[in-house]
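The following paragraphs lead through a structure step by step, from whole chains down to single residues. Please keep the sequence and the model in view while reading.

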Amino acid sequence: MIPRAAAGDPAARTALVRAHGPSVWGLCRRLCPEPEDAYQEVWEKVLGALSRFDPGGPATIRTWILAVAHRHLVDLHRRRRVRGEVVELPELPFVPDTDEPLDRRRRMERVEAALSRLPESHRRVILLHHLHGVPLEDLSQQEGVALGTVKSRLHRGRARLAELLEDR
Amino acid sequence: MKPPYEQLSRLLAGDLPPEEAEELRRRTEDDPEVRAAFEEIRAAVQDVAALNDVSAPAHLDARVLGQAPAARRSRRSFLPLAVGGVLAAAATVALLLRPGPPTVTLLDGSHLVDGRANVLAAGVPIVVDGTARIDVDPPVVSVSVSAGRARLRGPGGSLTIAPGETHTLGAPALASEPGGDAVLHDPTARIAALERQVEELRKALAEAEFTGAVARGQLTASQGEPAEFPVDLPEAYRQAAFERNLAATISDLPGAEIHAVDCSEYPCIATLKVSQPAEGWEKQVEVYLEKLTASHYPKSDTWMAIAKSDADGTVFGGVGLAITPEYTLSEELRTRTQFRVTSLLGEIEHMPSAP
């Protein structure tokens, strides 16, 4: 599928976006004040660079797409910071799975809300590591910071998250 | 005593040295509160791992796949968000006049600008799109371009500086107008020339499109890195409460309004504009700010800069302000905060007055 998608095959590209779009969208909406722009930009990069992805290499396509998304989101964050913008997170529409029990749904809403209150760099590390399983070493490389810094962000973020959730 | 959440998170990840881990493990067994905190971290991690990801809206996927036109929104300015909803009308007018994010005022010294930015150096608006070194020694401004270009906007029009070129401006050059010496010696013509100059400066400011190159090239180089807000920072020091407290305190300070609040990095800073300041207004401002700290920030350090301007024929005062918990700012962050406050204050000085 990847070579066909890289060659521009519409069906293969659609399959790729359907398979990995939710992960990319999840990151964009949780980390960006303008998630729609970020989502399109990430996919532009992914589809533009797809021919350089090596299906026989060490990274899976999922890992590779997440890495592209991660780097782009880090870049957007840095640009927002140096532009002196104050970032307000958009409403995070919680899309419930109707089969989920109500208390679990409520708990997840609280987790989303608590996550949105973390500093973006902490939130990014937590989401990529715990939700998407990206190793901390990879995050360190993609963020361009030392492994110790990534760990520090992770632990500070987890600590704050737990505090925010404590009275649930 | 608050449980050591961060250390507990490290314990859970196996990131603590054995002795410290053992000690903390004992505490989790002996202290129910610490144990509860540990369990909370474990649960939070599991919760994050179980979050749902949902598909992007269909129209977005269609755009990504080229099945719909790429109707991307243009990048909007976040300045209105930075200013927030509590500002007085005059500040809103200022935003309308200056739709872009702020122009950065360069202080005296040498600055590296890397990227696209509008800066104001000794009153000279300069648009950089590339890499340029700008030396400011008022009234002399020297611009050397190493890549891209820089455009200087003066009363006689624009001047573009190409890579490898250096251009130096001084007060006489800025004052010159078509018409030469005759203009300089005719008071009426001189006033008209100055008015045109002011108008040019206003236009240049209104066109400002700042994309951070100065912050990246100058602040990072000489004033340290932006700081994250401390996790345990009290809410009063965060944007919403900071703005609210400030607005409430100055609500009856004559002529005063919030010009801008910048919480894009730690700490939050703010500028106030005082219209038609009466004699002794500086002291009055200090009294109000003492009231602010006494009511909301009893153990804090306050950083304040005061300026008065009669540019544009309208006299007004400007106050730059930062408040942080007592004894918490590092030397580097203190320098950076002072720079940010001064820089934001400079924007008031160059802000056109409301019509």
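Chain A contains 8 helices and 0 strands, where helices (H or I, at least four residues) and strands (E, at least two) are DSSP runs numbered from the N terminus. Read from the N terminus, its elements follow the order α-α-α-α-α-α-α-α. This is a predicted model, in which local features need pLDDT of at least 70 and side-chain atom pairs count only at pLDDT 80 or more, while totals for chains, interfaces and linings use all residues. Residues are numbered from 1 along each chain as its sequence is written, chains are lettered from A and ligands numbered from 1 in the order in which they are written, and side-chain values use heavy atoms, with hydrogens and water left out.

Of the 168 residues in chain A, 55% are buried; buried means under 20% relative accessible area, exposed over 50%, and partly exposed in between (1.4 Å probe, protein chains only). The accessible surface of chain A is about 7,300 Å², and carbon and sulfur atoms account for 49% of it. Such areas come from the Shrake-Rupley method with a 1.4 Å probe, and for residues only the protein chains shown count as cover. Among the contacts in chain A with a separation of 6 or more, 61% are between residues 24 or more positions apart, a contact being heavy atoms within 4.5 Å.

Chain B has 13 helices and 10 strands. Its 355 residues include 46% that count as buried. The chain exposes about 16,900 Å², with 54% supplied by carbon and sulfur atoms. Of its contacts between residues at least 6 apart in sequence, 58% join residues at least 24 apart.

Where do the two chains meet? On the side of H8(A), the contact is made by Arg158(A), Leu161(A), Ala162(A) and Leu165(A), and on the side of H3(B) by Glu40(B), Ile41(B), Ala44(B), Val45(B) and Val48(B). These residues comprise 7 nonpolar, no polar and 2 charged, where Ala, Val, Leu, Ile, Met, Phe, Trp, Tyr, Cys and Pro count as nonpolar, Asp, Glu, Lys and Arg as charged, and the others, Gly among them, as polar.

H8 of chain A also takes part in covering helix H1 of chain B. Within H1(B) (residues 5–13), the residues Tyr5(B), Leu8(B), Ser9(B), Arg10(B) and Leu11(B) are buried. Their cover includes H8 of chain A together with helix H2 (18–30) and H3 of chain B. Just after H1(B), Gly14(B) has a positive phi of about 75°.

A pair of aromatic rings is described by the distance of the centres and the angle of the planes. Rings of Phe, Tyr and Trp (its six-membered ring) pair if their centres lie within 6.5 Å; planes under 30 degrees apart count as stacked, over 60 as edge-to-face and the rest as tilted. Over all chains, the structure holds 5 aromatic pairs. One of them joins Tyr39(A) and Trp43(A), edge-to-face at 6.4 Å centre to centre with 75° between the planes. Because they are 4 residues apart in helix H3 of chain A (residues 35–49), about one helical turn separates them.

Phe229(B) lies in the loop between helix H10 (213–223) and helix H11 (239–250), and Tyr266(B) in the loop between strand S7 (256–262) and strand S8 (269–275), so the pair ties together parts that are 37 residues apart in sequence. Phe229(B) is buried at 16% relative accessibility, and Tyr266(B) is buried at 5%. A cis peptide bond, with omega about -5°, joins Tyr266(B) to Pro267(B).
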